[in-house]
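Student: Hey, I've just opened this one and I'm a bit lost. Can we walk through a few spots together?
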Amino acid sequence: METQLDPMKDDLPLMANTSYMLVKHYILDLDVDFKSKVIDGIIVLFFETGSQYRKTSSTGKGGCQLQFDETCKMRASEFCHIPVTNVTACSSETEYNDFAVCGKGEEDTSDKNGNHSNEEQASGISSSKDCCDIENHGNKDFLLVLDCCDLSVLTVEEVDVAAVSGIEKLTRSAKLTDASKELEDLRNQIVHELVTLPADRWKEQLYYFTRCSQAPGCGELLFTTGTWSLEIKKSGIHTPTDFPHAIRIRYKTKPEGRSVTWTTDQSGRPCVYTMGSPINNRALFPCQEPPVALSTWQASVRTAAGFVVLMSGENSAEPVQLREGILSWYYYVTMPMPASTFTIAVGCWQEVKQQSFTAAIQANTEFSLPSSQADFRWHEEICGHVEYPCRFQNPAARLQAVIPYRVFAPWCLMERCEEHLLQLIPQCLSAAYTTLGTHPFSRLDVLIVPSNFSSLGMA
């Protein structure tokens, strides 16, 4: 059986095979139900072929397949068939129910404390996972592995992004037209063009990500869930290049899932928030956790009226009423970040506001620095990160000592927050700006969390 780890003492296993497939963007569509303490969700993942496979591809297709074949032979002894009664599978249930993984490989690559080796974690390749399908003895289907824990996965399907009207404008390059001889190639090429759009087209990119996430499915994919992973394959697909680059997963969280805490706030009202430990967000949505996996995301969250949804996002979301008693909140992020930095907090929070407009203006101007002092460190600065809409290259952002902020708290703490916290935050933001320079984010939400908040890892 799989090795049992203690997340409080052992390193978490990095199962996702990011060297072959790398998530570039997530779209989450979530319903928060406080009665059942379950978040019911759909997530769409957009991939690029991973760096390791791209490197081997440059030597020719034969070289790629050789690498996969050798890996299959090497890992074959690490898989075994065991009777499985609770394996989740989609339509081809009889074909996939026999597929199971024993934890022999994991045990062999762990040290005495159960910690997985640095080499294994750095590569993002699990010790017992692999690109091959051992079940069919030689029919080596590619296996996509995602980090996942304490989730009920219902269905996994390929998304027909080619069905999106207007998407053809992304397929006009010559190399794209030449490469897209089959519909499967066309879909993957569309995703490639979408995830590689220039940073100055980020609004258009988010628009098409949303449209693609709503496209119809074009075939269910086989999958199984382990203690720490979700494994997905498509029969007959042997390489990451040919594997679907846009997939939709329907799932539910579990009340006992360790990525979120269902509790009450200081006023005794129900709330839920991400903890940041001990297992990051893998019990909130299937993701990739190795350090190389930096992605952007969008999220729509629906909950009952009266609840406020706060999330790591670049926009100050305002609720939209979908129907009576149900509100929807939408956030997005354009800076590629680890999936572990995705935060959410849903509760009966209330926004703490300045008593007067004059006080707000004074708080934001009193701590601003002269332009010459604020700008000296970033004059003609060249960033070395991947391309995204970067604030360090925006002259207006470089002069902003106090970024826009909101403060939320339970109703019983509103008066104290208004009296003490509102005056403190601009001073803190200005001090950080004076010491560190331009704020990397465009806005800030401050939430007074319940006293049982167990970790500052996601603060």
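Student: Is Y433 buried or exposed?

Tutor: Y433 is buried, because its relative accessibility is 1% and buried means under 20%. Keep in mind that this is a predicted model.

Student: Okay, and where is Y433 found?

Tutor: Y433 is part of helix α12, which covers residues 414-436. The C-alpha atom of Y433 is 7.7 Å from that of V402, and the two residues are 31 apart along the chain.

Student: New topic: where does S259 belong?

Tutor: S259 is in the loop between β8 (246-253) and β9 (260-264). With 1% relative accessibility, S259 counts as buried.

Student: What does the side chain of S259 reach?

Tutor: The backbone oxygen of N280, at 2.6 Å, and the backbone nitrogen of A283, at 2.9 Å.

Student: Which other residues is S259 in contact with, leaving aside neighbours within four places in sequence?

Tutor: Among them are Y273, T274, M275, I279 and L284.

Student: What about the phi of D150?

Tutor: D150 has a positive phi too, about 60°, and D150 is not a glycine. Look for D150 in the loop between β3 (143-147) and β4 (151-159).

Note on methods:
Residues are numbered from 1 along each chain as its sequence is written. This is a predicted model: local features need pLDDT of at least 70, side-chain atom pairs count only at pLDDT 80 or more; totals for chains, interfaces and linings use all residues. Side-chain values use heavy atoms; hydrogens and water are left out. Helices (H or I, at least four residues) and strands (E, at least two) are DSSP runs, numbered from the N terminus. Buried means under 20% relative accessible area, exposed over 50%, partly exposed in between (1.4 Å probe, protein chains only). A polar contact is a pair of N or O atoms within 3.5 Å; within protein, one must be able to donate a hydrogen and the other to accept it, and residues adjacent in sequence count only if both atoms are side-chain atoms. Contact means heavy atoms within 4.5 Å.
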